[in-house]
Amino acid sequence: MMMNLNALKIDPEFQGKIPPLTFEELNQLEANILRDGRIINPIIVWRGLIVDGHNRFTIAKKHPEIPFTVHEKEFASRYEAIIWICKNQLGRRNLTPEQKKYLIGKQYEAEKCANGGDRRSPVAKSGAATRHLIGGEKTCMKVAAENNVGKTFVKDAEHFARGLDAAEEAVPGTRQKVLSGEVKPTAAEIASVARAPPEERPALVAEICKPKKPKPQKPTAPKQKTPPAVAAPLPDASTSDEEAPDEEPTYAPAPSEPVFPQKENEPLKVDRQQILEIANNRYHAKQLADGAAMLCEVSGAVNAMIRRWESVFRDYPDILTNTENRNAVKRNIQKVKDYLQKLEDTL
C-alpha cells in the first residue's frame, strides 16, 4: 500500500522500543537503499503510527524520490502494538545483553497490561473485573518460555526497563547511551532510578553513568625469607610471582623432624630432580579449543539464519508474493547453495 510520507507519524513510545542502529549500520542501510533504487521492506504502521521501519522512514524523508510501501497492521490496543514491537525486535536483531533485557522487560510489562491492566488501579482493587484477569505469574512464565530465559530474569528485566525509562525521562538520551553500550551502569543501578524520588533522579543518573574507575590491584604479599637451612633455588627450576589464594598454605617441617641429614653448619642438601618434578607437576599448559568444541558456533549460526528468515517471511509476506522480492530471495538462496556445495566438496 502506498501512503504519503506526511501521513505517517512517529510515536515516541513505540520508537523507544527499537534498539538504535550504529552510525555505520545506518549509513550501510542508506547505501543499500540507494543502490536498490527503492525501499524493499515496507514500513509497518498502526493507525498511521510507525511500529517498525523508523530508520527506513528517516531515509525516505531524506530521499523523497525513493519509492516505498506501507503495510498496515491491526492491534487491539497500544499494549498489543508494544508486545508485537518487542517480539519483532527480539527475533530479528543481533542484540546486546542490555537491549535484550530492556525488550523482555517491556514485553512483560505490556503483556500484564494487555491481560488485565494495572492491578493497583481502583477498578482492579474493587474486584469487579479481576475474575477475567490472567495471573501475573502465568504471564511471567509465558514471556520467559518465549525468550528462553528464567522467570527471575523476566522480573529483573521489568525492573531494569522501568529504571531505564525513568532515567530517560530524567536525563533524555540516557536510554540510547545505555542500550548502545556507550555507558555501562549495572542493572541494579539502573533499576534504582525508578525507586528514587523524581527530583533526585537527574543527579542519580549522572552519578551511575560516570565512567567506572578501575579497581585497584590487590597488593602481593611479601615473600617470606628463605630460612638459612634451605638451599637456594636452582637456576633452571620453574618459579612464579603469582599468588595462589585458594591453595592450602605450606609450612616448613618442624626443626625436630629434619628431612635431610646434615652436619652442623653445613647447608642442607636438596635433591635437584625432586624439585624439578614438583615444579613440573604444579603447572599445566592451558588447553586450546578444538574443532569439536566450536561446532556449537556452526549450529548456532544455522539456527539463527533459519529463525531470522522465517521471522522476515512471516512479518513481510510481500517478499514471497512480489516478483522482484522473490527473485532477490532466490539469489540469496543460490548464494547459500553455492557456498554449501563448495564446502561439501572439501569434506
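At what angle do the axes of helix α2 and helix α3 cross? In this predicted model, the axes of α2 (residues 23–36) and α3 (residues 54–62) cross at roughly 55 degrees and come within 11 Å. Angles from 65 to 115 degrees count as roughly perpendicular and those under 35 as roughly parallel, so α2 is oblique to α3. The crossing of α2 past α3 is right-handed. On the α2 side, the contact is formed by Leu26, Leu29, Glu30 and Ile33, and on the α3 side by Asn55, Ile59 and Lys62. Four of these contact residues are nonpolar, one is polar and two are charged.

Residues Glu189, Ile190, Ser192, Val193 and Ala194 of α10 meet Arg201, Leu204, Val205 and Ile208 of α11. This contact comprises six nonpolar residues, one polar residue and two charged residues.

Both α2 and α3 also take part in the lining of the second largest pocket, where α2, α3, α4 (78–92), α13 (291–315) and α15 (323–346) each supply at least two residues. The volume of this pocket is about 1500 Å³. Its lining consists of 36 residues, and Leu29, Asn32, Asn41, Arg92 and Val312 are those nearest the centre. Leu29 is also one of the α2 residues in the contact with α3.

Technical notes. Residues are numbered from 1 along each chain as its sequence is written. This is a predicted model: local features need pLDDT of at least 70, side-chain atom pairs count only at pLDDT 80 or more; totals for chains, interfaces and linings use all residues. Side-chain values use heavy atoms; hydrogens and water are left out. Contact means heavy atoms within 4.5 Å. Helices (H or I, at least four residues) and strands (E, at least two) are DSSP runs, numbered from the N terminus. Ala, Val, Leu, Ile, Met, Phe, Trp, Tyr, Cys and Pro count as nonpolar, Asp, Glu, Lys and Arg as charged, and the others, Gly among them, as polar. Axes are lines fitted to C-alpha atoms, for helices over the stretch in contact, and angles run from 0 to 180 degrees between N-to-C directions. Angles under 35 degrees count as roughly parallel, over 145 as roughly antiparallel, 65 to 115 as roughly perpendicular and the rest as oblique. A crossing is left-handed if the near helix is turned anticlockwise from the far one by less than a right angle, and right-handed if clockwise. On a 1 Å grid over the protein atoms alone, a cavity is a set of points where a 1.4 Å probe fits but cannot get out, and a pocket is an open set with protein on both sides within 12 Å along at least five of seven lines; lining residues have an atom within 4 Å of a point. Grid points are joined across faces, edges and corners, and a volume is the space filled by probe spheres set on the points.
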